[in-house]
Amino acid sequence: GIEGTVMKLDEGGDVTWTVSPGAEGLPLVSCETYDVFHTSVSNVIIRFGAYQGHVIEFRVDQTESPDQMLMTCEGWCLLHCRRTTPSEPGNAMDASFSLLPALEDGYFSDLTIVASNDKKFAVHSCILQLSAPELDWAAEPPPLSGLREDVVGTVLHYLYAECLPANLSEATARQCISAVASYPSLTPFTTLCQHYLRNMALKQQIVSLVSDMHTCASHIIQHLSSKPAPASDSLNTNPAKLCFVVRQSLRE
């Protein structure tokens with residue numbers, strides 16, 4: 001049967017299907033387009049097309065629930081459709097997984113790393129051992145101890161999530177590169193910070209370029225904008241002034 005199949009009607013007239021097992025051979029799920037028509041008797045008709053040149057027509061009847069409808073194809077089938085939303089839970093295996101909550105909550109931690117300002121980070125030696133097995137996390141004091149708080153937080157964020165924190169600053173990234181230089185096992189983290197700094201530098205260059213373009217455009221507009229002036233001194237009647245304005249604009 002077709003039960004469990006998901007039908008998505010796009011505003012552009014396209015229809016996509018997420019086919020349930022057993023429905024693959026039905027002509028309906030091979031349709032790629034649809035049209036909606038309103039008849040004189042207040043019925044709504046949906047026509048699905050592009051199946052070997054044929055059209056499959058359904059009459060739509062609204063049920064008591066606004067989130068459900070009945071689609072009837074005379075002499076063939078009756079479909080009971082229910083609205084679904086993206087917020088409905090899907091397959092739990094498709095959800096992203098992160099160990100950051102363990103770092104943020106500190107539950108069941110068995111190791112404490114103290115930053116230079118005495119800020120304590122409750123961490124888990126098993127996670128750190130998996131992320132950086134070359135480091136001796138059983139040492140006293142453990143690795144990363146005595147570093148700046150923002151540096152320790154950034155490195156631990158990477159060890160738990162394999163990414164940089166969203167609020168990372170360029171200064172902290174540079175401090176991290178310098179602080180972990182003595183830890184060869186954190187080379188991927190150093191590389192990630194270097195990529196971040198290069199991307200931020202490129203971003204600043206683009207912002208500066210766009211700002212310069214806006215400034216030049218403003219100057220050109222000022223040069224070409226009409227100002228109250230004697231008729232003999234306007235751009236329309238004074239070729240010399242027009243040439244001067246054009247040269248100034250090209251210089252910008």
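Q: Which residues lie nearest the centre of the largest pocket?
A: Met7, Cys81, Arg82, Arg83 and Thr84 do, among the 25 residues that line the largest pocket. The model is predicted, so local features need pLDDT of at least 70 and side-chain atom pairs pLDDT 80 or more, while totals for chains, interfaces and linings use all residues. Residues are numbered from 1 along each chain as its sequence is written, and side-chain values use heavy atoms, without hydrogens and water.

Q: What makes this space a pocket, and what makes a residue part of the lining?
A: On a 1 Å grid over the protein atoms alone, a pocket is an open set of points where a 1.4 Å probe fits, with protein on both sides within 12 Å along at least five of seven lines; a lining residue has an atom within 4 Å of a point. The space in the largest pocket is about 900 Å³, counted as that filled by probe spheres set on the points. Its lining takes at least two residues from each of β1 (6-9), β6 (68-73) and β7 (77-82); strands are DSSP runs of E, at least two residues, and helices runs of H or I, at least four.

Q: Why is α3 called roughly perpendicular to α4?
A: Helix α3 (residues 149-161) and helix α4 (residues 170-179) pack at about 80°, with axes 9 Å apart. That angle makes the pair roughly perpendicular, because the term covers 65 to 115 degrees.

Q: Which residues of α3 and α4 meet?
A: Asp150, Val151 and Thr154 in α3 meet Thr172, Gln175, Cys176 and Ala179 in α4, where contact means heavy atoms within 4.5 Å. This contact has three nonpolar, three polar and one charged residues.

Q: Why is Leu144 called buried?
A: Buried means under 20% relative accessible area, exposed over 50%, and partly exposed in between, with a 1.4 Å probe and protein chains only. Leu144 has 1%, so it counts as buried. It is found in the loop between α2 and α3, and has a positive phi of about 80° although it is not a glycine.

Q: Is Asp118 buried or exposed, and how do you know?
A: Its relative accessible area is 60%, so Asp118 is exposed. Asp118 lies in the loop between β8 (111-114) and β9 (120-123).

Q: Why is Gln129 called partly exposed?
A: Gln129 has a relative accessible area of 35%, and is therefore partly exposed. Its place is in helix α2 (residues 125-131).

Technical notes:
Axes fitted to C-alpha atoms, helices over the stretch in contact; angles between N-to-C directions. Parallel < 35°, antiparallel > 145°, perpendicular 65-115°, else oblique. Nonpolar A, V, L, I, M, F, W, Y, C, P; charged D, E, K, R; others polar.
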